[in-house]
Structures are given as structure tokens and as C-alpha cells.
Amino acid sequence: MSNKSMATLEVFSPEIFVQIFSYMNGYDSYEAFYGLNHRLSTLVLTYGIKYIDLSKITFNESRKMFSTINCSHVNTLVLSNEYYDEQIDRILDNSYFPLKNMVSLNALMLDYIGLYTMHTITQQHFQLDNLKSLIISFRSDLCKEKVLDMYGAILYNFSSRLKSLTYLFLSASKDKEIICRNRSLLSTEISSTLQRLFIHHIQINDTENILSHFSKLQYLNASIRLKEHIIDYPLSLNLIACDLSVRSTALELLVYLLKQCPNLEKLVISFFPTNYDDLDCNQWEILIEKYLLKLKQFTLYIFLFHTEINIARVLIEDNFLEKQFWLDRKAKIEFIDGESTDNDDIKTKIMIEFSI
């Protein structure tokens with residue numbers, strides 16, 4: 001950097017640098033400013049390394065930075081094994097850089113992680129007392145059964161050790177959705193902190209355990225499969241928002257679940273009906289009017305085979321468009337051709353929504 005540029009930078013107040021650093025990856029701030037002079041180096045080490053994304057940084061490059069900075073200042077860390085194999089393993093290895101040094105860490109993202117790496121992390125005896133947000137995405141080439149086992153270990157055991165955790169995101173590959181079959185993940189320890197839970201591309205069949213284990217849960221986003229023999233779910237008074245994908249499930253079973261969530265204010269359902277009776281607007285009206293009295297936002301996506309769309313259109317138009325309950329709420333109904341949707345969702349569907 002030229003002397004002229006240095007002189008220009010020296011004019012900026014510390015507050016300006018703090019603002020600049022807030023928009024930058026901590027690694028980039030370190031590379032750009034550390035070592036230029038004492039003032040800039042001090043500013044970087046004090047304010048510039050709170051958010052660090054090393055997902056595209058080699059281990060040797062990150063090691064150089066970690067040998068200089070005070071890790072206790074880091075509050076967000078992003079790691080990935082996608083671009084550099086075993087990056088997560090090497091950075092979080094106890095013999096090199098114990099995660100426990102990041103005592104102020106409140107957000108941790110582990111992307112493209114393998115099972116062995118995740119298992120190793122769960123076995124480490126560190127206390128991330130301030131960690132509030134944990135995001136974990138598994139590699140796409142992993143054994144489904146083993147990912148399912150690890151999902152249970154993270155959800156019910158590892159997360160319980162994180163006493164401040166309020167946000168948990170678990171994801172498998174969208175090209176290889178994992179389906180829980182005839183499996184129930186039991187837990188006896190109750191988590192008192194988790195408020196927002198996202199489970200993507202892992203179709204779960206233990207909804208009752210999730211609701212009982214996470215008693216303070218406020219937001220749930222998951223693909224679920226409900227069991228026919230369960231009609232009594234835990235009462236979930238703290239749950240105020242749900243985004244659920246419900247497959248191979250009769251509407252009756254969904255009612256058993258949702259009637260135990262009386263304080264829901266926002267509900268988004270991607271529903272795959274088992275028969276045309278599930279399109280009966282009276283059943284949906286009873287669900288909302290009887291059990292979900294606080295509901296303000298409702299969106300229902302009904303997914304159908306292309307050959308069924310014409311029959312469903314008639315049923316919807318003859319029911320939802322004519323009933324006073326839906327007219328009072330100014331319900332919007334849209335028929336969406338699968339060919340016109342984005343790449344993540346190409347199925348033909350019907351959308352029914354209202355907001356009051």
C-alpha cells in the first residue's frame with residue numbers, strides 16, 4: 001500500500017474502521033490491514049475479527065491468522081470441508097486449535113461436514129457457554145442410516161450441552177433426502193433454551209419427541225411424517241410459527257398435532273394429500289377456527305400429480321372460493337404449474353393463503 005493511501009487511512013476515526021469491519025470477513029480484514037502500522041493492527045485485532053469465514057481459506061492460511069489474533073474476540077465462525085478437504089477437522093483439532101478458546105463464540109457454521117468429523121466434535125469436552133446459533137450441513141455422499149444416527153446424537157445429546165443454544169439448523173443434501181422409517185429417537189433430558197429449529201432434507205418421524213424435548217420451541221421448520229397410532233402430542237404453548245412439509249399423512253393426523261399448538265400465529269404447510277377428502281375446506285376451517293384462534297398468517301401448498309390437478313381445481317373452486325370463512329379472510333388461491341416454478345420445487349401445486 002502506498003504512503004498516500006496510508007495517510008488517507010490514518011484520517012479515519014476508529015468508529016469508521018469499526019463500521020468498515022462490520023461489513024467484512026474477519027480474515028479479509030486481517031489480510032488487508034494487519035501489519036500496516038501499530039494503530040491499524042490494533043484496530044483489526046480488537047474489532048476486525050469478530051466474524052470469520054474460512055470456508056474457502058486453506059488451513060495454512062488460517063493457521064497464520066490464528067497464531068496472531070485473540071480467539072476470545074471471535075463471535076461467528078464459518079468452516080467448510082467442501083473446498084479444502086478436512087479443513088474443519090484440522091482447525092478444530094484439540095492438538096492445534098481447541099474450539100474452547102473461542103469463549104465469546106455465539107454462532108458456528110459447519111458446512112459439508114463428514115460423519116467422523118462430526119462425531120469427533122461431539123466427543124470433545126469443550127463448553128461453548130455463549131453459543132446461540134449452530135448450523136450443520138452434511139456432505140451429500142454419506143450413508144443415510146449413519147447420517148440419521150448422527151442427526152439424533154446432535155439433536156438430543158450434543159445440543160443439550162450447549163446451554164445458551166437458541167437456533168439449530170441441520171441439513172442433509174437436497175438431492176438425497178433422508179427418510180426416517182420405523183425409528184423413534186427417545187430422550188429424557190429437556191432442553192430449556194432452543195427456540196428455533198430447522199431440519200432440512202431429513203424427513204423426521206419423531207415430532208412428538210421434538211416437542212417434548214424442546215419445551216421452549218417457538219419456530220419449527222421440518223419435513224415430517226406423522227404416525228397413525230399417535231393422537232396425543234405434547235402441548236406446545238410456546239410454538240408461534242411452523243413451516244412443515246407433511247408427506248403421506250392424512251389430514252386427521254395433522255389435526256392431532258396442530259391442535260396442541262394453540263398459540264400459532266404463522267403456519268405454512270406443504271401438504272401431500274392421501275385422498276380428495278383432505279381437500280375439504282370444512283376440515284381446514286374447523287382446524288383453524290377451533291384450535292388455532294391466534295393464527296394470523298396461513299399458507300397451504302397442496303402438491304398433486306399433474307393428472308389430478310383438474311379434479312382438485314374443481315374441488316378447491318367449489319369449496320374455498322365460496323365459503324364465508326375464507327371470503328372473510330380474503331384468502332388468495334393460486335394454481336401453480338410445476339413447469340413455471342424454480343428448480344427447487346418443480347411439482348404442480350395449489351396455494352391457499354391468507355393474512356389478517
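Y112 is found in strand β3, which spans residues 107-113, and in this predicted model the phi of Y112 is near 60°, a positive value in a residue other than glycine. Most residues other than glycine have a negative phi.

**Positive phi values**

- With a relative accessible area of 42%, E86 is partly exposed.

**Setting of T120**

- T120 belongs to helix α7, residues 115-123, and is partly exposed, with a relative accessible area of 30%.
- Although T120 and D93 are 27 residues apart along the chain, a separation of 8.9 Å is found between their C-alpha atoms.

**Second largest cavity**

- The structure holds 2 cavities of 30 Å³ or more, and the second largest cavity contains about 30 Å³ of space.
- The lining of the second largest cavity is formed by T207, L211, L220, L239, C242, L244, L257 and C261, and the elements that give two or more residues to this lining are α9 (207-213) and β9 (241-246).
- By residue class, the lining of the second largest cavity divides into 7 nonpolar residues and 1 polar residue, with no charged residue.

How values were computed
Residues numbered from 1 in each chain as written. Predicted model: local features only at pLDDT ≥ 70, side-chain atom pairs only at ≥ 80, totals over all residues. Heavy atoms only, no water. 1 Å grid on protein atoms, 1.4 Å probe; cavity = no way out; pocket = protein on both sides within 12 Å on 5 of 7 lines; lining within 4 Å. Points joined across faces, edges and corners; volume = space filled by probe spheres on them. Helix = DSSP H or I, 4+ residues; strand = E, 2+ residues; numbered from the N terminus. Nonpolar A, V, L, I, M, F, W, Y, C, P; charged D, E, K, R; others polar. Buried < 20%, exposed > 50% of the residue type's maximum accessible area, 1.4 Å probe, protein only.
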